[in-house]
Each structure stands twice: as C-alpha cells, then as structure tokens.
Amino acid sequence: MKVLLYTKDYDTVKESGVGKAIDHQIKALSLVDCNFTLNEKEDFDIVHINTVFPKSVSFAEKAKRKGKKVIYHAHSTKEDFKNSFTFSNQIAPAFKKWLEYCYNKGDLILTPTDYSKEILESYDLKRPIEVVSNGIDLDFWQDRDFDRDNFYDKYGLDKSKKSIISVGLPIKRKGIDDFVYLAKKMPEYEFVWFGKLNHAVMPAEIKKLIEKVPSNLHFPGYISSTDLREAYSGSDLYVFLTHEETEGIVLLEALACKADILIRDIEIFENDYVDGKNIYKGSSIDDFETKIKGILEGQLPSLKEEGYKKAAEKSIENTGKRLVECYEKVLNL
C-alpha cells in the first residue's frame, strides 16, 4: 500500500489549520512507517486530499479514472466558513454545495471530530465518514527555559504586566471583536493576537475595529511555529474565543505547551473539556473578564496538567495509526 499526500495547494494553505494538518500527516505517517509520497508523478494506491480547490477536485477525478482510491479530508464546513471573509455569509450556502461536490469525490471522507462528523452527516454526502484527529506533536509543543523572557522581549511587552494571547485569523468567527473589547476593558494586561488576513477580504467592520486599538493590544501577524510555541509557553494565558471549529489545532498546541487556557463554551468542546476541571470556559464578555482575572490573579487554580492530558490523548502517533487504519479500510471499499 502506497499513499500519495496531495500537496499541490500547500503553499496556499500553509498558514492555516489545513496547512498544519498536512504537516501533521507527513510526520504522523513517518512515525508509523507508512509508505507514502508527496510526488504525484510516483505510482500510488490511495490519494489523500486535504484542500477544496478546483485543482484538488480535478486530481481526485483523474485518480479515480485510473482506478486509485481517494480519501477526502473534510476540514471545512459551511458553519465554520460563516463570519470569516467579506460576503462569507452570503456565499456560505453555495460553499456548502461546493464542499458536498468535493467530498463526494472521495471513496472515504475523514474529519477531525465527532462534532464535525455530525455536521457532515446532515449534508448530501454519499460516502462513509471516519473521525481522525489532526493530532499534536508533543515533542515539539512543550515549554522550554527562557520562553517568557524571549516572548516579552520579541514583541516589546511590558514585563510588569501579565499577558494574554490568542491565535487565528483576525475574523469575527474567531472572536477578534471580543478580544479587542477585552483589551480595552483590561488595560492592566498585555494582549497579543497572532495571525493575519489579507485586507482585501477583511470585512469593513473588522478593519475598523483593529484600526484603533489600545496600546496594550499587539498584532505581530503570522509567526513561525517556533515563535508560536514560545508564545504559548511564555505568556500567562491563552484565550480561544472562537464561535465555531472542526477541531481547533491551536487549542491542542496550547494544551501541549501546558498553557493556562480559557475558551468559549461552544458545542464542539462539550465532551472533551470540562469547565474548572481540565480547562476554563466562558460564554460572555463578563464571563471572560471574570475568568481572566481569576486565572491571572491566582484566584482560580491552574489546570495546566489536566489540560495536557487531553492533548496527550491526541498525540501525532495516534493520528498516524488511525490514518493507516482508514487507508486499509478504503482499499476494501
């Protein structure tokens, strides 16, 4: 059995969660000694596709004509497309139709969580769906000495203040509006948002929001994984205010780095994460403000170790094993 990981569109998605998922797949398959290639000119039995661009669909069709098996990885849904780019809400119904068209090109569909599987099962899909976590590289995402000093120095933060970070595209779905509002309400802390979005597709309300921000709010843009690991470890709190996810790779990264974490209380996090046990959750600005102060001022106990256990359940080695199981399954379909 030889697998082709289709990476023709990698440069387009490398700064997104889909790009990180592809990186994880490469390492996961290497760890479990699966025979795979990134070269589409080589022979293969199965092609594993992660992107929904026309070139990806065309390649899936070409592979099927040659008698190859196709796995389509469903990282996107209509639900997590909304509240993102300019006109995304208006386009969302058409985007859902396009996703159905793409995913139906696969003989088997993979998706990261039971939650995203439930969403996909409501779509017009005619293929079986398997759940495979994107996984997390526990060897890389861990705290190291001097992370705090390096983090504060790199972004010019006030070392007399505690720091709060978030990671993702600066879009409403990711909670950028609430993050900015909290920074304005809590000038005693440093706030840093990592991630960027092309201004051409940024909604006007978000452009206006981030044009005038307080001096304690910083936007370094997109940074490398090494710098991001340092930020998770060197900051005092990671907040994930997203309204919708299919898994949330950045949350796994923060958990693996043993960061203190506050997330929005949404459906996808109901089963794995328990407020006050392995993570902190909030549902409103008032909740977030209260929990932030409680965590940073020591009124709430740290849940780092319990949170790390959740990341360990989704190690990249386990992802590799699950992928091989799915590859073997698709050969028998």
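The model is predicted: local features need pLDDT of at least 70, side-chain atom pairs count only at pLDDT 80 or more, and totals for chains, interfaces and linings use all residues. Residues are numbered from 1 along each chain as its sequence is written, and side-chain values use heavy atoms, with hydrogens and water left out. Helices (H or I, at least four residues) and strands (E, at least two) are DSSP runs, numbered from the N terminus.

**Buried parts**

- Buried means under 20% relative accessible area, exposed means over 50%, and partly exposed lies in between (1.4 Å probe, protein chains only).
- Helix H10 covers residues 225-234, and seven of its ten residues are buried, so the helix is largely enclosed by the rest of the structure.
- The buried residues of H10 are Leu-228, Arg-229, Glu-230, Ala-231, Tyr-232, Ser-233 and Gly-234.
- Among the elements that cover these buried residues are helix H2 (17-31), helix H7 (147-154), strand S7 (163-167) and helix H11 (249-256).
- Ser-166 sits in strand S7.
- Ser-166 has a relative accessible area of 1%, so it is buried.
- Ser-166 touches Phe-179, Val-192, Trp-193, Phe-194, Tyr-238, Val-239 and Phe-240, leaving aside residues up to four places away in sequence. Contact means heavy atoms within 4.5 Å.

**Strand S2**

- Phe-36 belongs to strand S2 (residues 36-37).
- Leaving aside residues up to four places away in sequence, Phe-36 touches Val-3, Leu-5, Ile-26, Leu-29 and Ser-30.
- Phe-36 and Asp-114 are 78 residues apart along the chain, and their C-alpha atoms are separated by 27 Å.

**Salt bridges**

- Side chains of opposite charge can pair when their charged atoms come close.
- A salt bridge is a side-chain nitrogen of Lys or Arg within 4 Å of a carboxyl oxygen of Asp or Glu. The whole structure has 29 salt bridges.
- Lys-2 pairs with Glu-42 in a salt bridge, with the closest N and O atoms 2.6 Å apart. This pair links distant parts of the chain, 40 residues apart: Lys-2 is in the segment before strand S1 (3-5), and Glu-42 is in the loop between S2 and strand S3 (46-49).
- Arg-322 forms a salt bridge with Glu-130, and the closest N and O atoms are 3.2 Å apart. Arg-322 is in helix H14 (residues 316-331) and Glu-130 is in strand S6 (residues 129-131), 192 residues apart.
- Arg-322 is partly exposed at 25% relative accessible area, whereas Glu-130 is buried at 17%.
- Lys-154 and Asp-227 meet in a salt bridge (2.8 Å, N to O). Lys-154 lies in helix H7 and Asp-227 in helix H10, so the pair ties together parts 73 residues apart in sequence.
- Lys-154 is partly exposed at 40% relative accessibility, and Asp-227 is partly exposed at 22%.
- Salt bridges that share partners join Glu-247, Asp-272, Lys-310, Glu-313 and Lys-314 into one network.

**Charged patches**

- Patches are made of residues with over 30% relative accessible area and no salt bridge; like charges are joined within 9 Å, and nonpolar side chains (Val, Leu, Ile, Met, Phe, Trp, Tyr) within 5 Å.
- Lys and Arg count as positive, Asp and Glu as negative; His and the chain ends are not counted.
- Lys-8, Lys-41, Lys-62, Arg-65 and Lys-66 form a positive surface patch.
- Lys-62 lies in helix H3 (residues 54-65), and is partly exposed at 40% relative accessibility.
- Asp-114, Glu-118, Glu-121, Glu-267 and Glu-270 gather in a surface patch of negative charge.
- Glu-270 is in the loop between strand S11 (261-264) and strand S12 (280-282). Glu-270 is exposed, with a relative accessible area of 52%.

How values were computed
Accessible areas come from the Shrake-Rupley method with a 1.4 Å probe; for residues, only the protein chains shown count as cover. The place of a charge is taken as NZ of Lys, CZ of Arg, CG of Asp or CD of Glu.
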